[in-house]
Amino acid sequence: MVKIALLVIMSTIRTKQDAIRIFGGTMKAVGDALGISRQAVYQWPEELPQDTSDRLVGAAIRLKLLPPGLPDSRRRRNGAASPQAPEPERESA
């Protein structure tokens, strides 16, 4: 299921306009997500190179911009929570 989720995202971030749409509608929002300036985003070609697309996919996962219905990216394949994921609180008896 996670592989399918990544394929869905990767196929949606191929152009600069796709990135702008996914990250909030502005070049500044895209730049903020990647830690770069809006001017750097402005200089991108319309068709994004693979490495830029990969960075955008990673940022989309980190910011939880996954399409609805896809699994939480913080979960491991076996279903165990990753170290970054908060542990659920348990009531003591």
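Is R55 buried, partly exposed or exposed? In this predicted model, R55 counts as partly exposed, with a relative accessibility of 45%; buried denotes under 20% relative accessible area, exposed over 50%, and partly exposed the range in between, for a 1.4 Å probe and protein chains only. Residue numbers start from 1 along each chain as its sequence is written, and side-chain values rest on heavy atoms, with hydrogens and water left out. Because the model is predicted, local features need pLDDT of at least 70 and side-chain atom pairs count only at pLDDT 80 or more, whereas totals for chains, interfaces and linings use all residues.

The secondary structure consists of five helices and zero strands, where helices (H or I, at least four residues) and strands (E, at least two) are DSSP runs numbered from the N terminus. Along the sequence the pattern reads α-α-α-α-α. The protein has 93 residues, of which 27% count as buried. Among contacts (heavy atoms within 4.5 Å) with a separation of 6 or more, 56% involve residues 24 or more positions apart.

Helix α3 spans residues 27–34. Its buried residues are A29, V30, G31, A33 and L34. The cover over these buried residues includes α2, α4 (38–42) and α5 (50–62). Just after α3, G35 adopts a positive phi of about 75°. A40, a residue of helix α4, has a relative accessibility of 27% and is therefore partly exposed. The C-alpha atoms of A40 and V30 are separated by 9.9 Å, the two residues being ten apart along the chain.

Two residues of helix α5 were examined individually. R55 is located in this helix, and its C-alpha atom is separated by 7.5 Å from that of L34, 21 residues away along the chain. When residues up to four places away in sequence are not counted, R55 touches L34 and I36. S53 also has its place in helix α5. With a relative accessible area of 0%, S53 is buried.

Side chains of opposite charge can pair when their charged atoms come close. A salt bridge is defined here as a side-chain nitrogen of Lys or Arg within 4 Å of a carboxyl oxygen of Asp or Glu. The count under this rule is two salt bridges. One of them joins the side chains of D18 and R21, with an N to O distance of 3.4 Å. Because D18 and R21 are three residues apart in helix α2 (residues 16–22), about one helical turn separates them. D18 is buried at 18% relative accessibility, while R21 is exposed at 54%. Another salt bridge links D32 and K28, whose closest N and O atoms are 2.9 Å apart. D32 and K28 are four residues apart in helix α3, so about one helical turn separates them. K28 counts as partly exposed, at 48% relative accessibility.

A polar atom of the D18 side chain lies 3.4 Å from the backbone nitrogen of R14. Leaving aside neighbours within four places in sequence, D18 is in contact with T12 and I13.

With regard to rings, the charged end of K16 sits over the ring of Y42, 5.6 Å from the ring centre; the criterion requires NZ of Lys or CZ of Arg within 6 Å of the ring centre and within 35 degrees of the ring normal. The count of aromatic pairs is zero, a pair being rings of Phe, Tyr and Trp (its six-membered ring) with centres within 6.5 Å, classed as stacked for planes under 30 degrees apart, edge-to-face for over 60 and tilted for the rest.

Notes
A polar contact is a pair of N or O atoms within 3.5 Å; within protein, one must be able to donate a hydrogen and the other to accept it, and residues adjacent in sequence count only if both atoms are side-chain atoms.
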